[in-house]
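The questions below concern one protein model and its ligand.

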Amino acid sequence: MRVRIGDIVIGKGLPVAIQSMTNTPTFDVERTVRQIERLKKAGADIVRVSIPDERSARALKEIKERVSVPLIADIHFDHRLAILSIKMGTDKVRINPGNIGSDWKVRELANFAKEHRVPIRVGANTGSLPKDLEDRYEERYVALAEAALREARLLEKFGFNDIVISAKSSDAIETIRANEYIRERVSYPIHIGVTEAGVYESAVVSSSFALGYLLYEGIGETIRVSIAGDPVREVYVARKLLSTLGMRKEPKVVACPSCARAVFNVEKVAEDVERKLFKLGKPVTFSVLGCYVNGIGEGKRADAGIAGIDSERFVAFKRGEIIGTFKMTDLERVIEDLLSNL
Ligand code: SF4
């Protein structure tokens, strides 16, 4: 099944969409627009914003007018905020029918969303699992998946099928199992993510494992890598993950960890090259190796690269060929030349 979110379509066989979420107060239009623009520039395909109150929902109108990336309104508890967000132009609504209250409220929202062709993501999180499901299923991942499926069924009961589904746990394995369980039962697009994944390293490891595993199995049509802090980092990690899986062509720097043989500061040079490559936006591979042990081989496989020879000299490559040996003092200039001619 396919779902349209603004000008992005997600579904089986289509590119996996990168999602992130703002952490500014949504009613602060200036800051929110600025952050959405940074997220888009970093590579976000879809951006979610929290709508905790009416002024946030009303702010959506101006935000929508000022940004070009599709927006998702994230709603809890109050279905009227979801309806208001649709009136203000949101491209998708994320709700948890379990905390919307009565069925008639979900029905009212489903009818309104259908009329305006706005899809709804229903999601379950381990942090807010319904008690009856937790009691009924021994395995928590089953309770998590069943919670998400129950929400989808509730929308189906009201004739609504424009659904994206998600089941997120802060545990990577539970996230994998819950999403496998869902995929075996429904064909709605699945939004995948590890929730409350933590601060940088933990979040990156946990999300890369769970999301990478699921995507490799063909599960997941949109992804979010949750990281505490600046959401732009989430987008960079998501891009790198998709590129690692061969699902996107991205600029790539091959760099060695460096060791006693390294004849220049590999980390510093590699970081500098990566920054410049991403700025250029070209999906090319550049290798930075501290010495010629593996440097020659990697350099020949990359679109361009350098490898140290000794403290005075390095060798440069382009499209599989050695283009020359240069003085270490010319390192920056040669890298600039290589980058600008790729
Ligand atoms: S490429 Fe050379 S410097 Fe880099 S880790 Fe390998 S041996 Fe060490």
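Buried means under 20% relative accessible area, exposed over 50%, and partly exposed in between (1.4 Å probe, protein chains only). This is a predicted model, in which local features need pLDDT of at least 70 and side-chain atom pairs count only at pLDDT 80 or more, while totals for chains, interfaces and linings use all residues. Residues are numbered from 1 along each chain as its sequence is written, and side-chain values use heavy atoms, with hydrogens and water left out.

Q: Is Ser258 buried, partly exposed or exposed?
A: Ser258 is found in the loop between β11 (252–255) and α10 (266–280); helices (H or I, at least four residues) and strands (E, at least two) are DSSP runs, numbered from the N terminus. Its relative accessibility is 37%. Ser258 therefore counts as partly exposed.

Q: What is the phi of Ser258?
A: Most residues other than glycine have a negative phi. Ser258 is a residue other than glycine with a positive value. Its phi is near 70°.

Q: Which residues are around the ligand?
A: A residue is near a molecule or strand if one of its heavy atoms lies within 4 Å of it. The residues around the ligand are Cys256, Ser258, Cys259, Ala262, Leu289, Gly290, Cys291 and Asn294.

Q: How many charged residues does the shell around the ligand have?
A: Ala, Val, Leu, Ile, Met, Phe, Trp, Tyr, Cys and Pro count as nonpolar, Asp, Glu, Lys and Arg as charged, and the others, Gly among them, as polar. By these classes the shell has five nonpolar and three polar residues. The number of charged residues is none.

Q: Which element of the protein chain has the lowest mean pLDDT?
A: pLDDT is the predictor's confidence in each residue, from 0 to 100. The protein chain averages 93, and 100% of the residues score at least 70. Strand β4 (residues 46–50) has the highest mean among the elements, 98. The lowest, 81, belongs to helix α11 (residues 292–301).

Q: What distance separates the centres of domain 1 and domain 2?
A: The bounds, which come from an automatic or database domain assignment, are 2–244 for domain 1 and 252–340 for domain 2. Taken over C-alpha atoms, the centres are separated by 40 Å.

Q: Is Arg117 buried or exposed?
A: Arg117 has its place in the loop between α4 (103–115) and β7 (120–125). Its phi is positive, near 55°. Because its relative accessible area is 72%, Arg117 is exposed.

Q: Is Ile10 buried or exposed?
A: Ile10 lies in strand β2 (residues 8–11). Ile190 is 180 residues apart from Ile10 in sequence, and the two are 9.2 Å apart in space, C-alpha to C-alpha. Because its relative accessibility is 0%, Ile10 counts as buried.

Q: Which residue lies over the face of Tyr181?
A: A charge sits over a ring if NZ of Lys or CZ of Arg is within 6 Å of the ring centre and within 35 degrees of the ring normal. Arg177 lies over the face of Tyr141, at 5.9 Å from the ring centre. Over the face of Tyr181, at 3.5 Å from the ring centre, lies Arg185.

Q: What share of the residues in the protein chain is buried?
A: The protein chain has twelve helices and 15 strands. Of its 342 residues, the buried share is 52%.
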